[in-house]
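Welcome! Take a look at it first, then read on.

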Amino acid sequence: MSVADVTVRVPAKVNVQLAVGGRRADGYHALATVFFAVGLYDTVAARPADTLTLTVEGRDAAVVPTDDSNLAARAARALAAHHGIDAKVALHIAKDIPVAGGMAGGSADGAAALLACDALWGLGTPRETLFALAAELGSDVPFSLHGGVALGEGRGEQLTPIPTSGSFHWVFAVADGGLSTPAVYGECDRLRELAGGPGSADEGRIPAPAADRALLEALATGDAAALGAALSNDLQAAALSLRPALTDTLRAGSEAGAIGALVSGSGPTCAFLAKDAAEASAVAAALALSGTCRDVRQAEGPVPGATLL
Ligand code: C5P
C-alpha cells in the first residue's frame, strides 16, 4: 500500500429490537429499531485511480456486485457529486460480514466508502453532511457510520444514541444464501393483510412503533439475561415464512443455552445472545454441529462505527 492509501474498518449490526409500523406512502415502513454494532468487520481500502473501480475479496466475494449497484461505489459517487468532483478511486472491499444476511454488510461498505473517500480526497466533509449522504444511500447506512447502540426512527435513518454498560456476547448462525430485504418487508405486509384484510398493512392502520423500555433498561444496566428476554423482531415471522428452516436454527441455539435468539434484521442470519464468553463458545459449538446453518461466528459488542485505520 502507498502512503496515500486509506483503509476503513466497519462493523456489522444486529437489531435487538425491530418494531415495524405501517407501510408509508413512499413504500418504506415506519420503524422503531434498536441497532447494535457487533465486532464482525468488513474493511474498505481506497487508493488514488483515474476512474472508479471496485474489487472484492472474501468467502462470498463472487456474489457481491462490483458495478454501480454496490453501495460502496454509490457512496463514492454521491460524495464526489456533492463536492462537484470526479469519483477517482480504486475501492477494495475485504468482506467478512455475511452477504445479504440481515447484518447490514452492504450498508457497512457504503458507510466505510464515504469515510475512506472523504479522507483520500482530503475533503473534510462535515459529519452531519456525511450522515445526510449516508441516509440517501440507504436506511441502515447512517448507523454503520454511527456504531455503538442507537435507536433508529423514521425508516431507520434518524438516530439517537442509547447508553449501554459492559459488553454482550453474541453468536451468529449464517444461513446458506441470502434473503432480499424488500421481499421480507413485502412478506410482512402480506401476512398482515392476510390477518386483517386489504390495506391493513398501511400506516395509520398499524400502531406507531416505539422503543421497548425493558430493552433500554437491560442495555443501560448491562443485564444480558434481561436483554435476551427482551429481544424482538417484527420481521421474524416474515423471514420464517420465506425460510421455514430458520425455525430449526433458532431452536438449536436456544437448546444449546442461548439466553435470547432472533432473526437478525431481515435475515436469514440468526443471532443468539449468550451469558458470557464461555457460554457463547458452547452455543457456537452446538450450532456448528447442528447441521442447521452454513457457518457460525462469535462477536462481542457494542463496538464503534466506521473507523479510519
Ligand atoms: O433503505 P434501503 O435501500 O436499505 O431499503 C431497502 C428496502 O427495504 C426498501 O426498498 C424497502 O423495500 C425496504 N424497507 C422498508 N422500510 C424501511 C427500510 C427498508 O420497507 N424502514
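**Helices at a glance**

The buried residues of α1 (under 20% relative accessible area, with a 1.4 Å probe and protein chains only) pack against β3 (53-57), β4 (90-94), α2, α3 and α4 (141-146). Please keep in mind that this is a predicted model, where local features need pLDDT of at least 70, side-chain atom pairs count only at pLDDT 80 or more, and totals for chains, interfaces and linings use all residues. Residues are numbered from 1 along each chain as its sequence is written, and side-chain values use heavy atoms, leaving out hydrogens and water.

**Helix α1**
- Buried in α1 are L71, A72, A73, A75, A76, L79 and A80.
- With 13 residues at 1.5 Å a residue, α1 should span 18 Å, and this agrees with its end C-alpha atoms, which are 18 Å apart.

**α1 meets α3**
- Helix α1 (residues 71-83) packs with helix α3 (residues 127-137) at an angle of about 135 degrees, and their axes are 10 Å apart.
- The contact (heavy atoms within 4.5 Å) is made by L71, R74, A75, A78, L79 and H82 of α1 and by T129, L130, L133 and L137 of α3.
- By class, this contact of α1 with α3 has seven nonpolar, two polar and one charged residues.

**Helix α2**
- Of the 16 residues of α2, 14 are buried, leaving the helix mostly covered.
- Helix α2 (residues 105-120) should span 22 Å at 1.5 Å a residue, in agreement with its end C-alpha atoms, which are 22 Å apart.
- After α2 comes G122, with a positive phi near 60 degrees.

Key:
Axes fitted to C-alpha atoms, helices over the stretch in contact; angles between N-to-C directions. Helix = DSSP H or I, 4+ residues; strand = E, 2+ residues; numbered from the N terminus. Nonpolar A, V, L, I, M, F, W, Y, C, P; charged D, E, K, R; others polar. Expected span 1.5 Å × (residues − 1). Buried < 20%, exposed > 50% of the residue type's maximum accessible area, 1.4 Å probe, protein only.
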